[in-house]
Amino acid sequence: MKLATILLLSSLLFSCSNDDDSFDVIGKKEQFVVTSSVINDNYPVYVFLPENYNANSKYQLIIALDGDTRFNTIAGIISDKVQKESIPPCILVAVGNNKQRNRDYTPTVYAHGSGGAEKFYQFIKNEVILELESRYSIDPSNNKTLIGHSFGGLFTQYVMAQERASNPFNKFISSGTSYWYDAGVIFEFEESYANTHKDLEVKFYNGMGTLEGGVMLASFAEMNQRLNSRNYPNFKHRSELIEKSGHSGSASEIFKKGLDYVFIN
């Protein structure tokens, strides 16, 4: 893996978000590029460090997908919540290269994706996180948070269904998940995990806008019901519909509510 630092900004805003929410981001922003040997592609990585970041302290890591367009919004939300002390100071890393999301976030080959989720998961685990731990003071525990919307939500739930012992994440926030992908193949991954495990020791917030289509809403309800029916002893889960919001418009509210849930509960 090769690293090339291309930009370093302190307390400045990137022009990389199309969302309406706007918060003053109090902290430090950095950006560099990771060249993946697993995928053979380049990924811009956007980093938010909390105010008064101290290399002698350990910080929990939040990884967000679609970093090219989501970074500013999620950094603003996290900065606001840290200032209000509703969540602890955290390091946010948003992984970019959105143009390849149909490749990277999809778990199987299908008409709208090329099934690269497993390689992307290995890239996150074995290249991105290791590089971040060498640069920043990150808690090495498997207590990291993963946030994704749409295909990113699909990838988030794919990762949640992976083996726990080597999984760096134990908190998941999924927004507007593309349950329709490949005839609902994500349900097969959920079932496969359930058939081989008696517990799922994670916190999971699952959100969707009420203006999504009927199939999306029905699939959302089915996934939540399935997960709750497993009766995992250490599984914490909240699902929520965002009123009068569609696919894109619900994302920021889901991120806000999801961060509150996974860090407070």
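User: Why is helix 1 called oblique to helix 7?

Analyst: In this predicted model, the axes of helix 1 (residues 67-83) and helix 7 (residues 251-264) come within 10 Å and cross at roughly 40 degrees. Angles under 35 degrees count as roughly parallel, over 145 as roughly antiparallel, 65 to 115 as roughly perpendicular and the rest as oblique, which makes helix 1 oblique to helix 7. Axes here are lines fitted to C-alpha atoms, for helices over the stretch in contact, with angles running from 0 to 180 degrees between N-to-C directions.

User: What makes the contact of helix 1 with helix 7, and how is it divided by class?

Analyst: Helix 1 contributes R70, T73, I74, I77, I78 and K81, while helix 7 contributes A251, S252, F255, K256, L259 and D260, where contact means heavy atoms within 4.5 Å. By class there are 6 nonpolar, 2 polar and 4 charged residues; Ala, Val, Leu, Ile, Met, Phe, Trp, Tyr, Cys and Pro count as nonpolar, Asp, Glu, Lys and Arg as charged, and the others, Gly among them, as polar.

User: How do you know whether helix 5 and helix 6 are parallel or antiparallel?

Analyst: Helix 5 (residues 185-196) and helix 6 (residues 214-229) pack at an angle of about 0 degrees, with their axes 11 Å apart, and the two helices are therefore roughly parallel to each other. Their contact is made by I186, F187, E190 and E191 of helix 5 together with S219, E222, M223, R226 and L227 of helix 6, a set that divides into 4 nonpolar, 1 polar and 4 charged residues.

User: Why is G209 called buried?

Analyst: Buried means under 20% relative accessible area, exposed over 50%, and partly exposed in between (1.4 Å probe, protein chains only). G209 has a relative accessible area of 0% and is therefore buried. The residue is found in strand 10 (residues 203-209), and, leaving aside neighbours within four places in sequence, G209 is in contact with L217, I242, S245, G246 and S250.

Conventions: Residues numbered from 1 in each chain as written. Predicted model: local features only at pLDDT ≥ 70, side-chain atom pairs only at ≥ 80, totals over all residues. Heavy atoms only, no water. Helix = DSSP H or I, 4+ residues; strand = E, 2+ residues; numbered from the N terminus.
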